[in-house]
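Keep the sequence and the 3D view open while you read.

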Amino acid sequence: MQQTGEGWRILIVEDDERLAELTREYLESNGLEVSVETNGSAAVDRICQEQPDLVVLDLMLPGEDGLSICRRVRPFYSGPIIMLTARTDDLDQVLGLEMGADDYVGKPVQPRVLLARIRALLRRVEPQPVAPARAPEPESDEPVRLQFNDLVVDRTMREAWLGGDSVDLTSAEFDLLWLLANNAGRVLSREEIFTALRGIEYDGQDRSIDVRVSRIRPKIGDDPIHPRRIKTVRSKGYLFVKEP
């Protein structure tokens, strides 16, 4: 992350030049630094080399599609990726999330919605200023590190470790894991999770939470078929088990 607050660097990967420029103008008018790439084949190198604060990635691109680009850059790019998908195509949305996207916005793009999603994602990964040294204060009720046997989740570092090895999580996956782990022993409904992570009401259709849970489970050593760490509670939501 190179910037904090306004001045975040955004890369739009979109072959519709008119849409890309209109989106660029709108985002720049709201304080963001925006560049555009119209060729899918060149997008991977630009993302990996420039390391923008966030990528807006169209699904359908000439040269290489957005799903392939997302999958290829994930080992080298940890910033948030918003996928632009067809509004009614649920499969595209699920595939994008499975490839490592953090969020998706339906087409036709509503600039205000896109801006709100960008700001929400970047606020979660924005580094906090380092406070000057001072006398210790009483600890707050909110923990900064959680440990469950060999699984450790650290909110300050935004990292997790399993058996001492770093767990490769996207920004959105970490946010969900922390939320579940910090509420260990309590069932969280999809409505609660969706509102906590996105700040908007759950519409009953969005499958992004389910997809992210399915991606997180194997990363933290959970059995995807018979999970013991993150359990699905039918008709209610998800439960993070303290001692699986």
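How many salt bridges does the structure hold? The count is 16, where a salt bridge is a side-chain nitrogen of Lys or Arg within 4 Å of a carboxyl oxygen of Asp or Glu.

## Before we start

This is a predicted model, so a local feature needs pLDDT of at least 70 and a side-chain atom pair counts only at pLDDT 80 or more, while totals for chains, interfaces and linings use all residues. Residues are numbered from 1 along each chain as its sequence is written, and side-chain values use heavy atoms, with hydrogens and water left out.

Helices (H or I, at least four residues) and strands (E, at least two) are DSSP runs, numbered from the N terminus.

## A salt bridge inside one helix

Let's begin with a pair in helix α1, residues 17-29. Glu-28 forms a salt bridge with Arg-24, and their closest N and O atoms are 4.0 Å apart. The two are separated by about one helical turn, because they sit four residues apart in α1. Here's the general idea: an α-helix has 3.6 residues a turn, so residues three or four places apart point the same way.

## Salt bridges between distant parts

Now look at Asp-58, which forms a salt bridge with Lys-107; the closest N and O atoms are 3.0 Å apart. This pair links distant parts of the chain, as Asp-58 is in strand β3 and Lys-107 is in strand β5, 49 residues apart. Is Asp-58 buried or exposed? With a relative accessible area of 3%, Asp-58 is buried, whereas Lys-107 is partly exposed at 27%.

Another pair to find is Arg-229 and Asp-150, whose side chains meet in a salt bridge (3.9 Å, N to O). Arg-229 lies in the loop between α8 (208-219) and β11 (230-233), and Asp-150 in the loop between β6 (145-148) and β7 (151-154), so the pair ties together parts that are 79 residues apart in sequence. Arg-229 counts as buried at 6% relative accessibility, but Asp-150, at 42%, counts as partly exposed. Meanwhile, salt bridges that share partners join Glu-14, Asp-58 and Lys-107 into one network.

## Strands side by side

Two strands pair if DSSP finds at least two bridges between them. Strand β3 (residues 54-58) and β4 run parallel, joined by four bridges. To get from β3 to β4, the chain passes through helix α3 (residues 66-73), and this β-α-β crossover is right-handed (with the strands pointing away from the viewer, the path from the first strand over the helix to the second runs clockwise).

Strand β4 itself (residues 81-86) is mostly covered, with five of its six residues buried.

## An antiparallel sheet

In another part of the model, four strands form an open sheet in the order β6-β7-β8-β9, and the pairing is antiparallel. Its edge strands are β6 and β9 (165-166), each of which pairs on one side only. Between β6 and β7 there are four bridges, and Phe-148 stands opposite Leu-151 in β7.

Finally, find helix α6, residues 171-182. From its first C-alpha to its last, α6 reaches 16 Å, close to the 16 Å expected at 1.5 Å a residue (the expected span is 1.5 Å times one less than the number of residues). Of its 12 residues, 11 are buried, including Phe-174, Asp-175 and Trp-178.

Ser-171 is in this helix as well, and counts as buried because its relative accessibility is 5%. Its side chain makes a polar contact with the side chain of Arg-158 at 3.3 Å. A polar contact is a pair of N or O atoms within 3.5 Å; within protein, one must be able to donate a hydrogen and the other to accept it, and residues adjacent in sequence count only if both atoms are side-chain atoms.

Technical notes: Buried < 20%, exposed > 50% of the residue type's maximum accessible area, 1.4 Å probe, protein only.
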